[in-house]
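Colleague: Before I set up any calculation on this complex, could you take me through the model, chain by chain?

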Amino acid sequence: MTEPYALSWLVGTLVDRRFETPSAATLELDVPGWRGAMAGQHVDVRLTAEDGYSTQRSYSLASAGTMGLPGGPVTSERISLTVQVVDDGEVSPYLTQDLQVGDQIELRGPVGNWFVWHATDPHPVQLIGGGSGLVPLMSMLRTRRDVASVSPFRLLVSVRTPGDALYADELATLEPGVAVTRVWTRTGPPGFLGPIGRVNADILRDACFPPDLNAHVFVCGPTPFVELVADTLVDLGHDPDRIRTERFGPTGA
Amino acid sequence: MMVLSDALGACMAIISRGFRGKRETDPRIPPGQYLEHGFPVLSAGPTPRADLSTWTFSITADGGALKTWTWSELTHLPHDDVVKDIHCVTKWSKLDSVWRGISLDTLLSDVEIDPDHAFAMAHCDGGYTTNVPLADLRGGKAWIAYQYDGAPLAPEHGGPARLLIPHLYFWKSAKWVRSLELMTENTRGFWERLGYHDYGDPWKEQRYWGD
């Protein structure tokens with residue numbers, strides 16, 4: 001067991017921000033004192049107003065993991081977060097629009113030692129993301145690339161429209177080593193003749209490693225997406241103990 | 001960029017220029033939390049499915065069951081209807097959530113408890129565990145909840161029954177609970193082994209190890 005360690009607040013300086021889609025931006029931050037992270041972990045961000053009011057949110061790391069690697073940890077104090085703008089949100093509009101290069105925010109982490117891929121693990125890995133649920137999966141894919149892992153990876157990602165697709169160009173560079181399947185829930189790209197709609201059992205059966213390969217399965221996205229995918233995978237014969245989930249967003253229930 | 005000392009002068013906060021926040025504040029919301037009007041779901045894996053005809057809840061110690069209730073037996077015990085604020089370590093708080101459940105006082109009064117058993121571990125379908133001092137389960141502070149907002153507790157929210165310990169961060173309110181193991185020594189549960197705080201008092205912001 002890892003020994004307990006305290007997660008102290010660190011100061012991150014924005015060094016670059018780029019929009020991945022009209023409603024999602026990647027923040028590159030320099031964080032002196034950053035201890036590193038495994039692929040799939042997240043950080044807590046704290047914003048404080050001039051009068052002392054403060055609030056916190058969690059964001060997944062998009063950058064490659066620097067711990068748990070076959071060659072030992074990599075030292076890096078640069079991290080990237082991809083922030084999806086939440087309509088009427090308190091923090092995401094500030095991070096994606098108001099925060100300027102050179103500005104500082106407080107953050108601490110890494111948090112979450114469960115939804116992580118260990119780059120030393122040779123098992124096949126099935127990644128399934130809905131919307132911005134792709135972010136921690138991208139961290140795993142970047143880690144796989146950086147350590148030249150040969151673990152078989154497949155990615156199934158559910159996207160509303162081509163304009164909402166995160167990391168499209170970079171994902172293209174990972175193929176054919178990583179098989180990428182996209183499900184368009186509202187509009188497909190020009191010339192796309194396949195079905196438009198939500199993931200279902202047929203799509204999961206076709207796009208995912210079969211249950212007998214004992215792949216690690218990571219599912220991240222809005223709660224209804226994760227519930228549907230995880231339930232269907234269990235129905236298809238996947239071992240529930242090999243399915244790790246990360247859900248976000250209110251259910252409205 | 002300005003740096004401001006807080007009232008204690010102990011830690012320094014970075015001021016986020018131009019940040020105002022929505023300030024949907026309420027004295028019932030602990031530090032670092034924001035008000036949530038929906039009911040988010042957080043679980044580490046697929047939602048388990050329960051068969052109420054074979055479902056049981058047990059209090060165990062030293063490897064054996066001290067007492068086991070079937071679904072029917074449990075839900076025919078005197079219940080409490082409680083309205084509680086709940087606080088998730090992922091930062092959302094929900095005020096005035098409405099639950100029905102059986103008080104742990106009622107269940108614990110039905111078993112002979114060794115005075116050395118000062119800690120408990122909840123065990124759940126799906127393998128989830130969480131640890132809590134026995135004292136935090138007593139005195140009208142904890143329930144086995146099986147209804148939320150007047151309806152059977154939905155599976156994704158922990159149904160058929162979950163632990164409800166609203167004075168601690170909500171990961172302690174274990175979903176799909178099946179047994180409570182009484183222990184003489186404190187050992188860590190699932191999230192507590194993975195970096196989350198052993199106790200989890202939201203008013204002290206005990207989120208992670210070392211908080």
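The questions and answers below go from confidence to chain dimensions, domains, strands, the interface and backbone geometry.

Colleague: What ipTM does the predictor give the complex?

Modeller: Please keep in mind that this is a predicted model, and that the values for the complex come from the predictor itself. The pTM is 0.93, and it is given together with an ipTM of 0.91.

Colleague: What is the radius of gyration of chain A, and how does it stand against the globule rule?

Modeller: Chain A has 5 helices and 11 strands. For its 253 residues the globule rule gives 18 Å, and the value for chain A is close to this, so the chain is as compact as a globular protein of that length. Along the principal axes, its C-alpha atoms fill a box of roughly 55 × 40 × 35 Å. The radius of gyration of chain A is 18 Å.

Colleague: And what radius of gyration does chain B have?

Modeller: Chain B contains 3 helices and 13 strands, and its C-alpha trace spans about 60 × 35 × 30 Å along the principal axes. A compact globule with 211 residues would have a radius of gyration near 17 Å, and the value for chain B agrees with that. For chain B the radius of gyration is 19 Å.

Colleague: Which elements give two or more residues to the side of domain 1 of chain A that touches domain 2 of chain A?

Modeller: Chain A is divided into domain 1, residues 5–111, and domain 2, residues 125–248, with 24 Å between their centres, taken over C-alpha atoms. In the contact between them, 17 residues of domain 1 meet 15 residues of domain 2. By class, the domain 1 side has 8 nonpolar, 8 polar and 1 charged residues. The elements that give two or more residues to this side are S1 and strand S5 (78–84) of chain A.

Colleague: Which strands are the edge strands of the open sheet of 5 strands in chain B?

Modeller: The strand order in this sheet is S5-S4-S13-S8-S9, with mixed pairing. An edge strand pairs on one side only, and the two that do so here are strand S5 (64–70) and strand S9 (129–133) of chain B.

Colleague: Within chain B, which residue of S13(B) is the bridge partner of His123(B)?

Modeller: Strand S8, residues 119–124, and strand S13, residues 177–183, pair in the antiparallel sense over 6 bridges. In S13(B), the partner of His123(B) is Ser179(B).

Colleague: How do the residues of the side of chain B that touches chain A divide by class?

Modeller: The contact between the chains brings 36 residues of chain B together with 41 residues of chain A. On the chain B side these residues divide into 16 nonpolar, 12 polar and 8 charged.

Colleague: Which peptide bond of chain A is cis, with omega about 5 degrees?

Modeller: Most peptide bonds are trans. In chain B, the bond from Gly159(B) to Pro160(B) is cis with omega near 15 degrees, and Pro160(B) lies in the loop between strand S11 (151–152) and strand S12 (162–164). In chain A, the proline concerned is found in strand S6, and the cis bond joins Gly109(A) and Pro110(A).

Colleague: What phi does Ala148(A) have?

Modeller: Ala148(A) is found in the loop between helix H2 (134–146) and strand S8 (153–159) of chain A. Most residues other than glycine have a negative phi. Ala148(A), although not a glycine, has a positive phi of about 55 degrees.

Key
Residues are numbered from 1 along each chain as its sequence is written. Chains are lettered from A and ligands numbered from 1 in the order in which they are written. This is a predicted model: local features need pLDDT of at least 70, side-chain atom pairs count only at pLDDT 80 or more; totals for chains, interfaces and linings use all residues. Two strands pair if DSSP finds at least two bridges between them. Helices (H or I, at least four residues) and strands (E, at least two) are DSSP runs, numbered from the N terminus. Two residues are in contact if their C-beta atoms, placed from the backbone, lie within 7 Å. Ala, Val, Leu, Ile, Met, Phe, Trp, Tyr, Cys and Pro count as nonpolar, Asp, Glu, Lys and Arg as charged, and the others, Gly among them, as polar. Domain bounds come from an automatic or database domain assignment. The radius of gyration is taken over C-alpha atoms; the globule rule is 2.2 Å times the number of residues to the power 0.38.
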